[in-house]
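Have the structure open while you read.

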Amino acid sequence: MMEEGPPNSSGDGGRGWLEARNGSASSLDLESVVSPLALNPWDVVLCISGTIISCENAIVVVVIFYTPAFRAPMFLLIGSLATADLLAGLGLILHFAFVYFVPSEAVSLLTVGLLVTSFTASVSSLLTITIDRYLSLYNALTYYSERTVTRTYIMLILTWGASICYGLLPVMGWNCLKEPSTCSIVKPLTKNHLIILSVSFFMVFAVMLQLYVQICKIVCRHAHQIAVQRHFLATSHYVTTRKGIATLAVILGTFASCWLPFAIYCLLGDYSYPALYTYLTLLPATYNSMINPVIYAFRNQEIQKVLWTVCCGCFSSTMPFRSRSPSDV
């Protein structure tokens, strides 16, 4: 175990998210310092990612917020996801700015709390969208009812309530600033805090996986029933089913490939490990917030129509929207 020493503010150019220990960099450091820092290329990449994430999701949030037709539960959940990803992008930008230009321990803890809250809300929002899609197929006849709206608001309250609680933990004192030996691979979060976040992620992923398996079964059954009723050919039924399953596989596969490496490393990694490993696993996780708008928003035909209206006036702003279920998105 490498000995944890006090921060060095001179001679080595200080530290940003990387802390120098015995001449080698180890553990991603999210705490600020009071000395000028040498610019880290990885931090620049994360800041650029945050900028792209913010721009993409800001478009989605504005479109949903300013379009009265987008008040259905499906769009509320997409808006929640976009808001969480927008805050995640802003958190990456703000943390970069505060670490390198306005170093402050208190402000750094706030930005860390913002990042924990936003990424937790992003993953949780993906779970609520999955639940909504499953219920729209399982309870198709009763989906468009007041109960669905109430259930949606309850899921949103639980999502953001739990996310804010997770984000407040480092701000309220559960951090490793005073006990460096308790640090995780992401400072100033403690190892126990990161374990809780990782276990929570695996629980969410397991539920999503189970729900998507059930969705695939329902889609296959519905496609077969439609094929029998309309006397479709077997090949047509096969193509329709394969297309639906492929779409679900892309959605779940993208989520898993982005978050699983970082979640696994959070459980197995130690604060003395090189920070490079943390960067290599954290960066793909941020890409999930970059991909989410494409999968859940920009593929939606109603959102596409509004974007075309704003960009080039190709559609009338008063044109009616066709009501679609979440399973169509």
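## Cavities inside

How many cavities of 30 Å³ or more does the structure hold? There are two of them. Keep in mind that this is a predicted model.

Let's zoom in on the second largest cavity, which has a volume of about 40 Å³. Its lining is made up of Asn57, Val60, Ile78, Leu81, Ala82, Asp85, Asn292, Pro293, Tyr296 and Ala297. Sort the lining residues by class and you get seven nonpolar, two polar and one charged.

## Two helices side by side

Here's a handy bit of background: two packed helices are described by the angle between their axes and the distance between the axes.

Now try that on helix α2 (residues 73-100) and helix α4 (residues 146-171), which pack at an angle of about 15° with their axes 9 Å apart. Because angles under 35 degrees count as roughly parallel, α2 is roughly parallel to α4. The crossing of α2 and α4 is right-handed.

## Who touches whom

On the α2 side, the contact is made by Pro73, Leu76, Leu77, Ser80, Thr83, Ala84 and Leu87. From α4 come Thr148, Val149, Thr152, Tyr153, Met155, Leu156 and Trp160.

What does the contact of α2 with α4 look like by class? Ten residues are nonpolar, four are polar, and no charged residues take part.

Definitions and conventions. Residues are numbered from 1 along each chain as its sequence is written. This is a predicted model: local features need pLDDT of at least 70, side-chain atom pairs count only at pLDDT 80 or more; totals for chains, interfaces and linings use all residues. Side-chain values use heavy atoms; hydrogens and water are left out. Axes are lines fitted to C-alpha atoms, for helices over the stretch in contact, and angles run from 0 to 180 degrees between N-to-C directions. Helices (H or I, at least four residues) and strands (E, at least two) are DSSP runs, numbered from the N terminus. Angles under 35 degrees count as roughly parallel, over 145 as roughly antiparallel, 65 to 115 as roughly perpendicular and the rest as oblique. A crossing is left-handed if the near helix is turned anticlockwise from the far one by less than a right angle, and right-handed if clockwise. Contact means heavy atoms within 4.5 Å. Ala, Val, Leu, Ile, Met, Phe, Trp, Tyr, Cys and Pro count as nonpolar, Asp, Glu, Lys and Arg as charged, and the others, Gly among them, as polar. On a 1 Å grid over the protein atoms alone, a cavity is a set of points where a 1.4 Å probe fits but cannot get out, and a pocket is an open set with protein on both sides within 12 Å along at least five of seven lines; lining residues have an atom within 4 Å of a point. Grid points are joined across faces, edges and corners, and a volume is the space filled by probe spheres set on the points.
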